[in-house]
Amino acid sequence: TRLWLEWNGLAGLGAEARLSRLCRWVLDAERAGLPYGLRLPGREIPPGQGAPHRHRCLEALALFTP
């Protein structure tokens, strides 16, 4: 099962709330051992897992400016 964590799936939340939720989901998916991808406006990280993938996703969230 591949999981997509998507900015656009959180319509109705503010930018900080979306970033916080996506960060939580990255950590939860990693802990559960599920492959996951991240979709942000203008950026897509294909599904993967493991420490380098988690770091790449968290870095993308930390540096993202809506």
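Buried means under 20% relative accessible area, exposed over 50%, and partly exposed in between (1.4 Å probe, protein chains only). By this scale Leu-34 is partly exposed, with a relative accessible area of 33%. The model is predicted, so local features need pLDDT of at least 70 and side-chain atom pairs count only at pLDDT 80 or more, while totals for chains, interfaces and linings use all residues. Residues are numbered from 1 along each chain as its sequence is written, and side-chain values use heavy atoms, without hydrogens and water.

Leu-34 sits in the loop between α1 and β2. Helices (H or I, at least four residues) and strands (E, at least two) are DSSP runs, numbered from the N terminus. Contact means heavy atoms within 4.5 Å. Leaving aside neighbours within four places in sequence, Leu-34 is in contact with Ala-29, Gly-48 and Gln-49. Leu-34 and Gly-48 lie 14 residues apart in sequence, and their C-alpha atoms are 8.2 Å apart.

Helix α2 spans residues 51-63. Its buried residues are His-53, Cys-57, Ala-60 and Leu-61. Seen down the axis of α2, they fall within an arc of 100 degrees (directions from the helix axis to the C-beta atoms), so they line one face of the helix. The face turned away from this side carries the exposed residues Pro-52, His-55, Ala-62 and Leu-63. The cover over the buried residues of α2 includes α1 (15-32), β2 (36-40) and β3 (43-48).

A nonpolar core is a set of buried Ala, Val, Leu, Ile, Met, Phe, Trp, Tyr and Cys residues joined through side-chain atoms within 4.5 Å. The largest has 15 residues; Leu-22, Leu-38, Leu-40 and Leu-61 touch the most other members. α1 gives the most to this core, with four residues.

Methods: Expected span 1.5 Å × (residues − 1).
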